[in-house]
Amino acid sequence: MTNEIATRDNEQAVAVATPQPTNELMEWVESARQANLVAQSLANTSFAGAYRGKPDEITAAILTGQELGLQPMTALKSIDVIQGQPALRAHAMRAIVQHQGHDIELVESDDTHCVMRGRRKGVENWQTVVWDIPRVQRMGLLGKDQWKKQPKTMLVARATGELCRLIASDALHGLPYAAEEVDGYVHGEIAPAKAPLSIASLTSPPAVEPAPTPAADETHQVTRDDQPPTDGIWDAEAAEDSVDWPETTQPGSVK
């Protein structure tokens with residue numbers, strides 16, 4: 001009996017100590033609901049920027065920013081959706097990393113190269129990143145519009161993304177690339193929504209294209225030189241030039 005009671009007490013103690021996994025999720029759901037209320041208020045204002053009229057995207061941006069430690073309005077100005085994926089702008093990425101106590105320094109920067117260094121909080125050694133035009137050219141980026149207009153800014157953005165990933169990837173919470181690093185980058189670009197796939201579209205056999213109708217066999221008609229064409233049309237020019245054309249009796253003449 002004593003062992004039974006002790007066993008029950010231990011089981012109850014374990015049950016009490018075990019955290020309920022649904023609590024954290026329920027808190028997140030409540031946060032999402034509150035974020036959506038804020039998004040509904042902001043969606044029709046100019047402060048929404050490229051997210052204007054898109055409350056669902058605003059909600060997602062606010063929730064993503066919350067995980068990164070950004071306030072709602074800051075998140076709207078710091079997170080872009082590019083090719084269907086959220087990405088931080090370079091200045092926001094540096095701010096998040098520096099806010100957590102890591103060091104980032106811009107050593108050199110111009111239109112041809114950028115040297116940036118950084119170190120993790122509590123670490124003495126610095127990590128150095130260099131981006132220059134030859135490196136950009138090898139990646140095939142020089143032809144892009146932003147690289148033509150502002151190479152210095154784009155070099156800094158590339159260096160920022162690489163350096164932040166080296167020293168503080170944990171601070172980025174799944175957003176490791178700066179928006180300027182993504183191909184086809186445009187500030188605040190919202191990727192168009194794609195039509196959802198249906199079960200029918202996934203399970204139905206592919207459509208079979210009808211076989212092309214064979215072309216009708218070409219026929220060639222040969223007309224003898226001593227016979228008129230079957231269509232009744234004479235080639236007057238050929239007749240005049242022919243030396244073998246038989247003489248014809250003109251009306252009123254004697255052959």
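This is a predicted model: local features need pLDDT of at least 70, side-chain atom pairs count only at pLDDT 80 or more; totals for chains, interfaces and linings use all residues.
## The three-stranded sheet

Strands β3, β4 and β5 form an open sheet, in that order, with antiparallel pairing. The edge strands are β3 and β5, each of which pairs on one side only. Averaged over the sheet and with direction ignored, neighbouring strands are turned by 15 degrees against each other.

Strand β3 covers residues 103-109 and is joined to β4 by six bridges. Three residues lie between β3 and β4, and the two strands form a hairpin.

Val115 has Val130 in β5 as its bridge partner, and Cys114 stands opposite Trp131 in β5.

## A helix across the sheet

Helix α8 lies across β3, β4 and β5. The helix runs at about 25 degrees to β4.

## Helix α5 and its buried face

The buried residues in α5 are Ala90, Ala92, Met93, Ile96 and Val97. Seen down the axis of α5, these buried residues fall within an arc of 165 degrees, so they line one face of the helix.

What do the buried residues of α5 pack against? Their partners are the helices α3, α4 and α8, together with the strands β2 (85-88) and β3. After α5 comes Gly101, which has a positive phi, near 95 degrees.

## The nonpolar core

In soluble globular proteins, nonpolar side chains tend to be buried together. In this model, the largest nonpolar core has 44 residues. Tyr51, Ile58, Leu88, Val97, Ile104 and Met116 are the residues with the most contacts inside this core.

Several elements each supply at least two residues of the core. Among them are the helices α2 (21-42), α3 (55-68), α4 (72-78) and α5 (90-99), and the strands β1 (79-82), β4 (113-119) and β5 (127-132). Helix α8 (151-168) is also one of these elements. Which element gives the most to this core? That element is α8, with nine residues.

## Contacts of Leu88

Leu88 is one of the core residues with the most contacts inside the core. Leaving aside neighbours within four places in sequence, Leu88 is in contact with residues that include Leu68, Leu70, Ser78 and Ile79. Met93 and Ile96 are also in contact with Leu88, and both are buried residues of α5. Further contacts of Leu88 are Leu175, Tyr177, Ala178, Ala179 and Glu180.

How values were computed:
Residues are numbered from 1 along each chain as its sequence is written. Side-chain values use heavy atoms; hydrogens and water are left out. A nonpolar core is a set of buried Ala, Val, Leu, Ile, Met, Phe, Trp, Tyr and Cys residues joined through side-chain atoms within 4.5 Å. Buried means under 20% relative accessible area, exposed over 50%, partly exposed in between (1.4 Å probe, protein chains only). Helices (H or I, at least four residues) and strands (E, at least two) are DSSP runs, numbered from the N terminus. Contact means heavy atoms within 4.5 Å. Two strands pair if DSSP finds at least two bridges between them. Axes are lines fitted to C-alpha atoms, for helices over the stretch in contact, and angles run from 0 to 180 degrees between N-to-C directions. The arc is that of the directions from the helix axis to the C-beta atoms.
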